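Here are my notes for your first look at this one. Keep the picture open next to the text and go through the points in order.

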Amino acid sequence: MFDFGILFPAVLNGLTTGAVYALVALGLTLIYGVLHIINFAHGAALMMALYGVWFLRQFLGLDPYLALPPMVAVMFAAGYALQRGIVNRASHGKDENILLVTLGLSIVLENLALLVFKSDTRTIDTPYTLATVAIGPAMIAVPKLVAFAGALVASALLLWIVRGTDLGRAIRAVAKEKQGARLVGIDVDHVYAMSFGIGLACLGAAACFLLPAYYVNPQVGNGFVLVAFTIVVLGGMGSFAGALVGGLLIGVVESLGGLWFGESLGQIGIFLLFIAVLLLRPQGLFGARA
Amino acid sequence: MSTPLNRRRFVAQAGATATALAFPLVGGAQPKPVRVGVLHPVTGALAYSGQQCREGALLAIEDINKAGGIRSLGGAKIEPLLGDAQSTPAAGTAEVEKMNEAGASAIVGAYASAICLATTQAAAKYNLPHIVDVGVADQIVERGLKNTFRFSPGYTRCAQIALANLHVLNTAAGKPAKTVMIIHEESLFGTGTANLLARELPGYGYEVKEVVKHANPTRDFNNIVLRMKAVNPDIVIPANYYNEYALLVRTMQQQKVTPKAIYSVLGGAASSYKFVKEFPQAANGIIDCNHWFNPKDKRAFDLKKRVEAKNLFYSYEVFLTYTAMRLLADALERAKSTDRAAIVNALETSTFSDHFLPYGPTKFVNGQNTGAQPLMTQVLGNDIKVIVPRDYRQADPIFPLKA
């Protein structure tokens with residue numbers, strides 16, 4: 001139906017989009033998969049991060065890629081403070097409370113953005129916004145390639161943190177057995193907050209990679225958060241490799257679906273895949289059997 | 001949600017009304033303001049356009065009130081009742097109910113076709129005059145609603161003018177363009193426009209290779225542009241709102257897809273100063289058949305300066321709603337009353353001429369201003385110039401574009 005010259009760019013394009021999905025999902029999988037916090041505010045947090053990058057560019061002239069260190073740091077701090085100051089306090093140790101608190105947070109953040117920034121859609125212009133690189137017959141936008149590479153590096157980094165550091169061991173311990181972790185002297189509240197912080201830090205990075213080729217408005221997070229939840233379940237809860245592979249897979253499926261079924265129905269492929277995984281491999285692609 | 005009418009409220013309102021009726025001259029020193037609903041989607045997917053519309057309406061009200069209000073009503077000021085349709089027809093309808101309860105004499109709004117379709121109908125229940133500021137779908141004025149008036153052109157007229165002019169441009173250039181691809185947004189406006197074009201284009205000798213629909217918002221146009229690459233049309237016709245239009249054209253530029261022309265019909269960004277400023281390269285050469293002001297009328301540029309002084313872009317939403325509000329003020333002036341039936345009557349017989357749109361004499365037939373027409377513009381040298389018709393021409397068209 002389509003020749004190689006069309007299919008190949010569509011796949012590459014899906015991979016680059018998927019990499020950003022993966023980065024958003026990585027943050028979610030840490031919070032949702034490991035700590036079992038259903039963070040409905042994830043999309044709103046991404047939106048705030050995007051506004052942060054936009055603000056730095058617009059008013060300080062900071063290149064979005066150079067904004068990476070401050071954005072990651074600020075988002076980490078915000079996540080840490082949010083968990084310790086609001087989510088943890090308001091939850092009283094009940095999961096269903098957390099759900100409502102994060103949902104409420106997302107509503108507050110979205111409307112705050114609406115108040116401050118208006119619902120105008122904003123973009124930034126950089127010298128490389130429209131630059132492309134030819135890979136075979138495909139023209140791939142430079143910001144998308146950077147996002148792809150950035151997402152891979154970020155997931156490797158996260159994997160290292162969780163597998164190779166004391167903090168990572170503590171996170172895994174808390175995820176497995178909260179009470180036991182507390183008994184061996186792990187500060188559970190601190191670990192929760194660190195995980196939340198790292199989760200939002202991923203969004204800070206995602207925002208820096210996303211904005212050069214994308215836009216921001218108060219509703220921008222919604223489109224990502226549903227896909228991110230799907231990826232987390234698809235890849236296996238709490239699995240970082242799963243989030244990465246799941247993200248890339250979803251990106252490609254969405255891209256090819258859009259090519260065949262038209263843009264409006266493009267996402268149908270994602271959810272068909274999702275249902276198939278739930279039926280045939282409910283623990284997710286990389287998830288351990290419960 | 002509307003306030004329930006309880007006993008106290010009823011007594012208070014009935015009392016106020018009775019007092020006003022019994023002693024019309026007591027409050028005569030300060031005439032009662034005329035309440036006008038200003039209803040737009042100022043939040044949600046269409047928020048940018050909705051806010052632009054609201055700005056236009058408020059500027060007009062400012063001008064009308066500064067110039068002494070409605071003189072035939074003793075200098076009554078216009079008091080806006082702001083409403084937010086939240087980019088959905090349902091929310092728009094709810095706002096109409098609220099405005100009716102709040103005693104609006106008329107409504108100006110509601111930008112998007114799908115929303116206008118709902119709000120005009122809701123207002124019709126109360127014979128509440130409703131001036132449609134933008135809403136291009138022709139169904140809006142084809143349902144026999146006595147309260148509904150549209151000053152600007154509908155999409156049938158825009159599509160016909162666009163097609164006729166495309167044919168003239170193409171013929172003059174030696175017919176380089178033979179195939180067309182249409183990309184449209186999925187609501188009433190985009191779908192209706194696209195259907196019209198797809199039906200009419202073959203009659204002019206063009207082959208419609210593909211008609212692609214997309215959602216609002218769409219995050220990524222790469223697939224559509226890849227399809228475009230496969231189809232390789234001579235002309236690309238987009239009919240969509242600002243964000244998607246901008247993203248589409250930028251993606252075309254990235255993928256190095258350069259058709260002989262990007263020829264928009266009511267394109268959301270094609271004749272937008274915002275787009276030209278933000279993406280001058282992508283915007284260059286784009287032709288659009290859209291709402292536009294008379295470029296030879298100084299008042300159009302005076303308003304442009306005022307809008308730009310507020311750090312806003314002078315978009316069609318601003319000047320269309322601005323003019324719609326002035327049309328209403330003119331009708332109020334001649335109705336000499338805030339009675340809804342009298343306003344409807346004044347609009348039906350309106351000969352409103354104090355405006356800067358290229359419309360000719362105002363004459364409403366079934367609620368549609370028959371003189372209304374779009375202009376053809378092209379982005380040339382980082383500015384938007386009128387290319388057709390000749391009476392308003394500022395620059396010669398460039399067609400086809402150099403690859």
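1. Let's begin with chain B. Take its contacts with a separation of 6 or more: 68% of them are between residues 24 or more positions apart. Keep in mind that this is a predicted model.

2. What is chain B built from? It has 13 helices and 14 strands. Its radius of gyration is 22 Å, close to the 22 Å that the globule rule gives for 403 residues, so chain B is as compact as a globular protein of that length. Along the principal axes, its C-alpha trace spans about 75 × 40 × 40 Å. As for burial, 54% of the 403 residues in chain B are buried.

3. Now turn to chain A, where you'll find 11 helices and 2 strands. If you walk along the sequence, the pattern reads α-α-α-α-β-β-α-α-α-α-α-α-α. In chain A, 77% of the contacts with a separation of 6 or more involve residues 24 or more positions apart.

4. How does the radius of gyration of chain A sit with that of a compact globule? A compact globule with 290 residues would be near 19 Å, and chain A has 19 Å, so the two agree. Its C-alpha atoms fill a box of roughly 60 × 50 × 35 Å along the principal axes. Buried residues come to 53% of the 290 in chain A.

5. Next, look at where the chains meet: 26 residues of chain A are in contact with 26 residues of chain B. On the chain A side, the elements giving two or more residues are α1 (4-34), β2 (138-141) and α10 (240-261). Which of them gives the most? That's α1(A), with 5 residues. By class, the residues on this side of chain A are 10 nonpolar, 12 polar and 4 charged.

6. One helix pair in chain A deserves a close look. Two packed helices are described by the angle between their axes and the distance between the axes. Helix α9 (residues 220-235) of chain A packs against α10(A) at an angle of about 125 degrees, with the axes 8 Å apart. That angle is why α9(A) counts as oblique to α10(A). Their crossing is right-handed.

7. Which residues make that contact? From α9(A) come A:Val227, A:Thr230, A:Ile231, A:Val232, A:Leu234 and A:Gly235, while α10(A) brings A:Gly242, A:Ala243, A:Val245, A:Gly246, A:Gly247 and A:Ile250. Sorted by class, the contact of α9(A) with α10(A) has 7 nonpolar, 5 polar and no charged residues.

Technical notes
Residues numbered from 1 in each chain as written. Chains lettered and ligands numbered in written order. Predicted model: local features only at pLDDT ≥ 70, side-chain atom pairs only at ≥ 80, totals over all residues. Contact = placed C-beta atoms within 7 Å. Helix = DSSP H or I, 4+ residues; strand = E, 2+ residues; numbered from the N terminus. Nonpolar A, V, L, I, M, F, W, Y, C, P; charged D, E, K, R; others polar. Axes fitted to C-alpha atoms, helices over the stretch in contact; angles between N-to-C directions. Parallel < 35°, antiparallel > 145°, perpendicular 65-115°, else oblique. Left-handed = near helix turned anticlockwise from the far one by under 90°. Rg over C-alpha atoms; globule rule 2.2 N^0.38 Å. Buried ≥ 20, exposed ≤ 12 C-beta atoms within 10 Å, placed from the backbone.
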